[in-house]
Amino acid sequence: MAKFNRTAALTALALAAIPAALMAQPAPGSGPQASVTKADAQARAADMFAKMDVNKDGKLDQADRAARQAEHFNRMDTDKDGKLSQEEFAAGRPKREGMARRPNAAPPIDGKMRRGGRGGHGAMGMMARMADTNKDNAISRDEFLAAHGKHFEMMDANKDGTVTAAERQGARAKMREHMKAMRSAGDKAGHEGHEGH
């Protein structure tokens, strides 16, 4: 049975974890069609920040990320051997809406995402850089809530202070198109230097 080392598995887990509060999801138990007010979304974002700030120093930084990753790894490592089997990894991956979990999906051996990932510099890295307005490599509670509020405003297409299921779907589609265009532009830029060789 193949096992993967802790560093590679933690890297894969970090890249897979996208905070739900940033997507203005309805509260658990309210159903996927529920609308979310800005006040509810901000309250949930504040709760999420409190959970993510593992060391309770008022900021999200590498120390918090490392602690969350270690906790997640330890939950997934059911046989406590310091490694994740393919089965442990597949069983521990979060199931995302609209995405089927592949039972044989393995963490990348080289610690990098395969499909366009950049070792943490993809969408989550970009969102973190945008939230870190003072560029101190940490996200304060105020920065986190401001970024969440800005994202909520972008999703609230009719500007009524509530994000509906249709607005969430529209925002996701727009983000997918934006990311597709960015990947396409990156692919094109990567090939330009190879013409004529």
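Figure 1. At 19% relative accessibility, Asp61 counts as buried. Buried means under 20% relative accessible area, exposed means over 50%, and partly exposed lies in between (1.4 Å probe, protein chains only). Lys59 is partly exposed, at 33%. The side chains of Lys59 and Asp61 form a salt bridge, 3.9 Å from N to O. The term stands for a side-chain nitrogen of Lys or Arg within 4 Å of a carboxyl oxygen of Asp or Glu. This is a predicted model: local features need pLDDT of at least 70, side-chain atom pairs count only at pLDDT 80 or more, and totals for chains, interfaces and linings use all residues. Residues are numbered from 1 along each chain as its sequence is written, and side-chain values use heavy atoms, leaving out hydrogens and water.

**Figure 2. The salt bridge of Lys38 and Glu153.** The whole structure holds two salt bridges. In this one, the side chains of Lys38 and Glu153 meet at 2.7 Å, N to O. Lys38 sits in helix H2 (residues 38-52) and Glu153 in helix H6 (residues 141-155), so the pair ties together parts 115 residues apart in sequence. Helices (H or I, at least four residues) and strands (E, at least two) are DSSP runs, numbered from the N terminus. Lys38 is partly exposed at 30% relative accessibility. Glu153 is partly exposed too, at 32%.

Figure 3. H3 (residues 62-76) has 15 residues. From first C-alpha to last, H3 reaches 21 Å, close to the 21 Å expected at 1.5 Å a residue. The expected span is 1.5 Å times one less than the number of residues. The buried residues of H3 are Asp64, Gln69, His72, Phe73 and Met76. They cover an arc of only 165° around the axis, which puts them on the same side of H3. The arc is taken from the directions from the helix axis to the C-beta atoms.

**Figure 4. The largest nonpolar core.** Nine residues make up this core: Ala45, Ala46, Phe49, Met52, Leu60, Ala131, Ile139, Phe144 and Leu145. H2 gives the most, with four residues. A nonpolar core is a set of buried Ala, Val, Leu, Ile, Met, Phe, Trp, Tyr and Cys residues joined through side-chain atoms within 4.5 Å.

**Figure 5. The surroundings of Phe144.** Leaving aside neighbours within four places in sequence, Phe144 is in contact (heavy atoms within 4.5 Å) with Ala45, Met48, Phe49, Met52, Leu60 and Ile139.
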